[in-house]
Amino acid sequence: MQNENTPDTSPTAQPQRAGRRNRLIVLGAAALVALGLGGVAVATSGTDHPAPAAVSLDAQTRAEAASRADRSIRESSTPVTPSLSPTPSPSAVSASPTKTAAAKAKPKPKKTAKPTPAWVDPMPGAAVTSCYGQRWGTLHAGIDLALPSGTPIRAAAAGTVTQAGDASDGYGNSVFIDHGNGYLTHYAHQSRIAVTVGQAVKAGQVIGYEGATGDATGPHLHFEVHQGMWNQIDPAPFMRARGVDLGC
Ligand SMILES: [Zn+2]
């Protein structure tokens with residue numbers, strides 16, 4: 001009976017259940033729809049921003065890249081497509097040579113900076129006994145540098161010896177060095193000369209030794225700078241401009 005009841009009740013309940021089921025189905029469907037929409041919305045909202053955007057960006061970038069590639073290929077295709085597509089590499093190469101050139105240019109000034117002290121003190125440590133200028137009614141056309149006799153005298157700069165000896169003109173044993181830039185230096189009253197005419201000398205090279213030959217009251221080096229032969233100028237500012245302070 002209970003079995004029958006149950007069937008009895010069941011049929012009545014079944015429609016109810018069916019109705020509930022329908023309702024549930026409807027609700028569930030609605031819920032599913034809602035969830036689905038929501039899910040779609042969420043999915044779309046979630047995926048739209050990242051995924052589609054990324055996809056769209058990828059697509060755009062790819063399209064742009066493709067168009068660029070096409071452009072580059074098209075623009076450069078006429079001459080030589082492959083070689084010109086590496087065109088950026090030549091530019092980089094061209095940039096690297098400029099860097100290397102700059103790097104090379106930097107050491108060059110350093111190398112030139114080394115010869116810049118091409119001018120040196122002809123007798124370092126000497127005391128100045130007379131500067132360039134009027135003295136006793138005449139022009140003292142050089143600077144007198146005093147140290148004990150026999151002190152080495154050095155070429156103020158590289159050049160070629162044009163005169164070496166005693167010309168009986170009051171300078172005693174004297175040496176002229178032509179520096180090839182319009183200037184000559186003159187070293188007078190030497191006790192002994194260590195160079196010969198035509199000899200090439202380097203800056204600082206010993207050309208002779210201090211003495212008192214010629215018209216000299218005592219051992220000293222009479223040092224002159226000629227802007228053109230026998231056009232003596234004041235050695236002090238000339239040498240100072242070249243990094244050598246002779247003390248006048
Ligand atoms: Zn003098």
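Analyst: The largest nonpolar core in this predicted model has 28 residues. Those that touch the most other members are L145, A155, V175, I177, Y187, I207 and L221. Four strands, β4 (143-146), β7 (173-178), β8 (183-193) and β11 (221-227), each give at least two residues to this core. Strand β8 supplies the largest share, five residues. In soluble globular proteins, nonpolar side chains tend to be found buried together.

Leaving out residues up to four places away in sequence, I207 touches I153, R154, A155, V175, Y187, A194, V195 and V201.

Strand β8 also contains S191. Apart from neighbours within four places in sequence, S191 is in contact with S149, G150, Y209, E210, G211 and T213. G214 is 23 residues from S191 along the chain, and the C-alpha atoms of the two are separated by 9.8 Å.

For the setting of these parts, the chain has five helices and 12 strands. Of its 248 residues, 20% count as buried. Among contacts in the chain with a separation of 6 or more, 58% are between residues 24 or more positions apart.

Note on methods
Residues are numbered from 1 along each chain as its sequence is written. This is a predicted model: local features need pLDDT of at least 70, side-chain atom pairs count only at pLDDT 80 or more; totals for chains, interfaces and linings use all residues. A residue is buried if 20 or more other C-beta atoms lie within 10 Å of its own, exposed if 12 or fewer, and partly exposed in between; C-beta atoms are placed from the backbone. Two residues are in contact if their C-beta atoms, placed from the backbone, lie within 7 Å. A nonpolar core is a set of buried Ala, Val, Leu, Ile, Met, Phe, Trp, Tyr and Cys residues joined through C-beta atoms within 7 Å.
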